[in-house]
Amino acid sequence: QVQLVESGGGLVQPGGSLRLSCVASGNIFYIYDMGWYRQAPGNQRELVASITRGDSANYADSVKGRFTISRDNAKKMVYLQMNSLKPEDTAVYYCNAEVALAWGEGVNDYWGQGTQVTVSS
């Protein structure tokens with residue numbers, strides 16, 4: 001019913017930048033919070049950044065000052081600008097959205113398929 005598709009991952013050298021994008025489609029009535037999570041091999045999935053519909057953002061301490069999350073409600077998109085990338089940022093990055101499918105219905109969590117970000121020289 002709802003699909004999230006990420007793009008923009010890849011291989012970048014330490015200190016470099018990448019911009020991730022995620023678009024939501026399907027039977028969407030309203031999108032509440034959107035966010036980016038990441039999971040490195042052997043680690044649990046962790047929150048990187050989240051943003052409310054009113055553009056209030058929250059960041060993991062490890063990325064504060066380097067990453068910026070933004071969204072375009074009309075396009076149903078969320079972005080993650082990643083600067084000053086470090087090898088420890090290497091992970092699969094997942095887009096997340098809290099979505100209501102109709103008026104008065106509950107909110108469901110949806111996830112993208114993930115995009116690989118590798119920071120290496």
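Strands β9 and β10 (residues 107-111) pair in the antiparallel sense over five bridges. Two strands count as paired if DSSP finds at least two bridges between them. Strands themselves are DSSP runs (E, at least two residues), numbered from the N terminus.

The model is predicted: local features need pLDDT of at least 70, side-chain atom pairs count only at pLDDT 80 or more, and totals for chains, interfaces and linings use all residues. Residues are numbered from 1 along each chain as its sequence is written, and side-chain values use heavy atoms, leaving out hydrogens and water.

**Around β9**

Strand β9 covers residues 91-100, and nine of its 10 residues are buried. Buried means under 20% relative accessible area, exposed over 50%, and partly exposed in between (1.4 Å probe, protein chains only).

| Partner of β9 | Bridges | Example bridge |
|---|---|---|
| β4 (residues 30-39) | eight bridges | Gly 35 with Asn 96 |
| β11 (residues 115-119) | three bridges | Ala 91 with Val 117 |

**The four-stranded sheet**

An open sheet runs in the order β1-β3-β8-β7, with antiparallel pairing. Its edge strands are β1 (2-7) and β7 (67-72), each pairing on one side only. Neighbouring strands are turned by 15° against each other on average, direction ignored. Strand β1 is joined to β3 (residues 18-26) by six bridges. Val 2 has Gly 26 of β3 as its bridge partner.

**Salt bridges**

The structure holds four salt bridges. The criterion is a side-chain nitrogen of Lys or Arg within 4 Å of a carboxyl oxygen of Asp or Glu. Asp 89 pairs with Arg 38, with the closest N and O atoms 3.0 Å apart. Asp 89 sits in the loop between β8 (77-82) and β9, Arg 38 in strand β4, 51 residues apart. Asp 89 is buried at 1% relative accessibility, and Arg 38 is buried at 6%.

Asp 89 also meets Arg 66, at 2.7 Å from N to O. Arg 66 lies in the loop between β6 (57-59) and β7, 23 residues from Asp 89. Both Arg 66 and Asp 89 are buried. Shared partners join Arg 38, Glu 46, Arg 66 and Asp 89 into one network.

Lys 64 and Asp 61 form another salt bridge, at 3.1 Å between the closest N and O atoms. Lys 64 is exposed at 51% relative accessibility, and Asp 61 is exposed at 65%.

Key: Axes fitted to C-alpha atoms, helices over the stretch in contact; angles between N-to-C directions.
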